[in-house]
Amino acid sequence: MPLASPPEQALYQQRFSVSYGYPVLFCSGALEPSSESLAWAVARAEPDRRHPVFLVIDQGLADAQEDLEARVLAYVKAHASVLELRADPELLPGGEACKHDPRLLEWLARRFVESKLDRHATVIVIGGGAVLDAAGYAASTFHRGVRTVRLPSTVLAQCDGGVGVKTGVNGHGAKNLFGTFAPPYAVVNDELLLSTLPLRESRAGMAEAVKVGLIRDATLFDFLEQHAEALSRADREPLRELVRRAATLHLAHIAGGGDPFETGSARPLDYGHWAAHKLEMLSGHELRHGEAVAIGMLLDARYAELAGLLPTAARARLEALLERLGLPLYHPALDASSSELGLLLEGLDEFREHLGGDLSVTLLTDIGRSVEVHEMDAARVAEAARYLTERRGR
Ligand SMILES: NC(=O)c1ccc[n+]([C@@H]2O[C@H](COP(=O)([O-])OP(=O)(O)OC[C@H]3O[C@@H](n4cnc5c(N)ncnc54)[C@H](O)[C@@H]3O)[C@@H](O)[C@H]2O)c1
Ligand SMILES: [Zn+2]
């Protein structure tokens with residue numbers, strides 16, 4: 001029976017819209033005292049007042065760049081006309097550890113209180129995607145949301161999560177169970193921050209660039225193919241272009257995709273991610289997010305090929321590119337003889353729950369083209385998994 005609408009006189013229809021926008025700067029040396037980028041990012045709307053700032057830095061980044069904290073402090077001092085440091089910078093453990101431990105959020109919120117942060121303050125977060133997610137989540141709920149300026153320090157964060165609108169922490173065994181849609185106030189993508197990133201992390205981040213090329217822009221995919229060897233060494237020039245092009249496509253998708261806060265079920269930016277999220281968990285986070293995405297993308301490409309959606313040549317191009325970039329394409333959980341294959345398939349149900357409503361999985365029909373499907377055949381997923389297992393032996 002159709003639902004009856006309430007009588008007109010009993011209904012007041014509330015309606016408003018909020019417009020969002022934020023700058024993303026691409027630069028080199030944002031923490032040099034002579035650079036205006038970060039000061040502008042914080043103070044651009046009100047350049048005539050001092051802005052209270054609170055700094056959160058990724059511990060792993062601080063360990064790799066020992067002078068980082070001193071450089072940040074010197075920067076704030078050089079821009080004291082607009083920046084006012086409220087407390088000593090705080091370090092958060094890097095990687096998934098910071099998203100797992102609720103006590104860290106509690107502690108960070110306490111530090112915000114002790115530093116008397118109000119809604120006009122700015123939290124500046126410098127770090128990888130995990131620290132941006134965790135500190136961004138804390139900032140977006142503190143006083144119902146304080147401004148966040150992000151300086152992503154990994155390839156993945158600079159071209160994907162760090163320029164997007166989501167924050168999140170893990171809970172009850174599920175990734176990103178708690179989180180917010182909270183657009184940053186600004187993002188400063190400084191290529192120099194990447195100089196100490198281990199090669200494995202750089203390559204993992206490139207998987208997200210492959211992903212956005214696959215679903216949105218075949219010319220980015222061509223570019224990645226042309227520079228695959230140089231990229232696998234994280235050479236600066238092609239890496240700079242990869243970050244810029246992937247970030248821009250990611251941003252354009254958020255703004256132009258019609259669903260920035262993901263109210264619907266279609267999630268093209270999550271291509272390859274249903275399996276990736278599960279594999280990350282099954283590996284106890286030994287697999288990096290981007291590595292799991294690489295495996296998930298090839299798994300779904302093979303699935304699409306088996307389903308007659310994707311030409312074999314396109315799957316082969318993807319497979320070759322991922323391999324040339326130095327990304328892993330196998331994990332023991334894919335092995336049919338392992339008890340984990342069943343667990344991997346549970347990832348589809350978890351993905352459905354995460355989306356809410358119907359299952360919606362993005363599958364490729366060509367490089368740069370995709371469709372949404374609402375059912376996945378378990379036997380075919382197993383067959384695709386077998387392909388990844390067997391190719392390893394070749
Ligand atoms: N919010 C989103 O939309 C979104 C999107 C994609 C991924 N993510 C999340 O991002 C996380 C993965 O982020 P990531 O791949 O950026 O890695 P990461 O944050 O897990 O960091 C990886 C490691 O590198 C260290 N590190 C960071 N920058 C460094 C540098 N410049 N030099 C040396 N070491 C450095 C960190 O301390 C950590 O040990 C996952 O939790 C994932 O869920 C979020
Ligand atoms: Zn991802």
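1. Start with the ligand. A backbone N or O atom of Lys166 sits 3.1 Å from a nitrogen atom of ligand 1; I call N or O pairs within 3.5 Å polar contacts, and inside the protein one atom must be able to donate a hydrogen and the other to accept it, with residues adjacent in sequence counted only if both atoms are side-chain atoms. On the side-chain side, an N or O atom of Asp58 is 2.6 Å from an oxygen atom of ligand 1, and an N or O atom of Arg288 is 2.9 Å from an oxygen atom of ligand 1. Taken alone, ligand 1 exposes 870 Å², and the protein buries 89% of that (Shrake-Rupley areas, 1.4 Å probe; for residues, only the protein chains shown count as cover).

2. Before going further, some housekeeping. This is a predicted model, where local features need pLDDT of at least 70 and side-chain atom pairs count only at pLDDT 80 or more, while totals for chains, interfaces and linings use all residues. Residues are numbered from 1 along each chain as its sequence is written, chains are lettered from A and ligands numbered from 1 in the order in which they are written, and side-chain values use heavy atoms, with hydrogens and water left out.

3. Which residues come nearest to ligand 1? Of the 28 around it, they are Asp58, Gly129, Asp133, Ser153 and Thr154 (a residue is near if one of its heavy atoms lies within 4 Å). The shell divides into eight nonpolar, eleven polar and nine charged residues; here Ala, Val, Leu, Ile, Met, Phe, Trp, Tyr, Cys and Pro count as nonpolar, Asp, Glu, Lys and Arg as charged, and the others, Gly among them, as polar.

4. Now the inside. The largest nonpolar core has 75 residues, of which Val210, Leu242, Trp274 and Met376 touch the most other members. By core I mean buried Ala, Val, Leu, Ile, Met, Phe, Trp, Tyr and Cys residues joined through side-chain atoms within 4.5 Å. Helix H13 (residues 289-306) gives the most to this core, with ten residues (helices are DSSP runs of H or I, at least four residues, and strands are E runs of at least two, numbered from the N terminus). Leaving out residues up to four places away in sequence, Met376 touches Trp274, Asp300, Tyr303, Leu348, Leu359, Val361, Leu363 and Val381, with contact meaning heavy atoms within 4.5 Å. Apart from this core lies another, of 27 residues, including Cys27 and Val188.

5. Glu280 deserves a look. It lies in helix H12 (residues 273-282). Buried or exposed? Glu280 is buried, at 2% relative accessible area (buried is under 20%, exposed over 50%, partly exposed in between, with a 1.4 Å probe and protein chains only). Beyond its neighbours within four places in sequence, Glu280 is in contact with Lys175, His285, Leu287, Arg288, His289 and Ala292.

6. Most residues other than glycine have a negative phi. Arg144, though, has a positive phi of about 60°; it is found in the loop between H6 and strand E6 (147-152) and is exposed at 78% relative accessibility. His172 has a positive phi near 50°, is found in the loop between strand E7 (166-171) and E8, and is exposed too, with a relative accessible area of 75%.
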